[in-house]
Amino acid sequence: MSLSYGIVTPVLNQADDLRRLASQVLEQTVMPTAWVVVDQGSVDRTGAVAESLAREHPWIRVASTQTDRAPQVAPIVHAFHVGLAELDPTPDVVVRLEADTSLDGADFERLLEKRVSEAHLAVAARPEARG
């Protein structure tokens, strides 16, 4: 059984991080069905970077929210919920991916393999390399 996955990435003034993360997502051995970048009111070039990615890749979408208009939850939680609502169709696995995360090319393939073999798996993280 192969699983689909979608990504939600809340961002705030992270243009450089988003560019770097995008290059790493694009190198994955298994691609997401959708990636929603949720701009939380950035004042740098984050919004422009996100829009450029969405123009180049139809499976990337951009949503926005204002942190000062968030309901009674943390702004990042609100941003995640906004992005989650934009994932269509709903994938089998939803990944909340921070823009400052580093990936290697098979991270999501391994995650999906693990999810298939351990159906109860709900949360997964790749520990940072220690060296």
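Modeller: Searching the whole structure turns up five salt bridges. The term stands for a side-chain nitrogen of Lys or Arg within 4 Å of a carboxyl oxygen of Asp or Glu. This is a predicted model: local features need pLDDT of at least 70, side-chain atom pairs count only at pLDDT 80 or more, and totals for chains, interfaces and linings use all residues. Residues are numbered from 1 along each chain as its sequence is written, and side-chain values use heavy atoms, with hydrogens and water left out.

Side chains of opposite charge can pair when their charged atoms come close.

Take Arg19 and Asp16. Their side chains form a salt bridge, 2.8 Å from N to O. Both sit in helix 1 (residues 15-25), three residues apart, so about one helical turn separates them. Helices are DSSP runs of H or I, at least four residues, numbered from the N terminus. Asp16 is exposed at 58% relative accessibility. Arg19 is partly exposed at 41%. The cut-offs: buried is under 20% relative accessible area, exposed is over 50%, and partly exposed lies in between (1.4 Å probe, protein chains only).

Next, Arg96 and Glu98. The closest N and O atoms of this salt bridge are 2.7 Å apart. Arg96 is partly exposed, with a relative accessible area of 42%. Glu98 is partly exposed too, at 22%.

Then Glu118 and Lys114. Their salt bridge has its closest N and O atoms 3.0 Å apart. Glu118 is partly exposed at 27% relative accessibility, and Lys114 is partly exposed at 43%. Elsewhere, salt bridges with shared partners link Asp104, Asp107 and Arg110 into one network.

Key
Helices (H or I, at least four residues) and strands (E, at least two) are DSSP runs, numbered from the N terminus.
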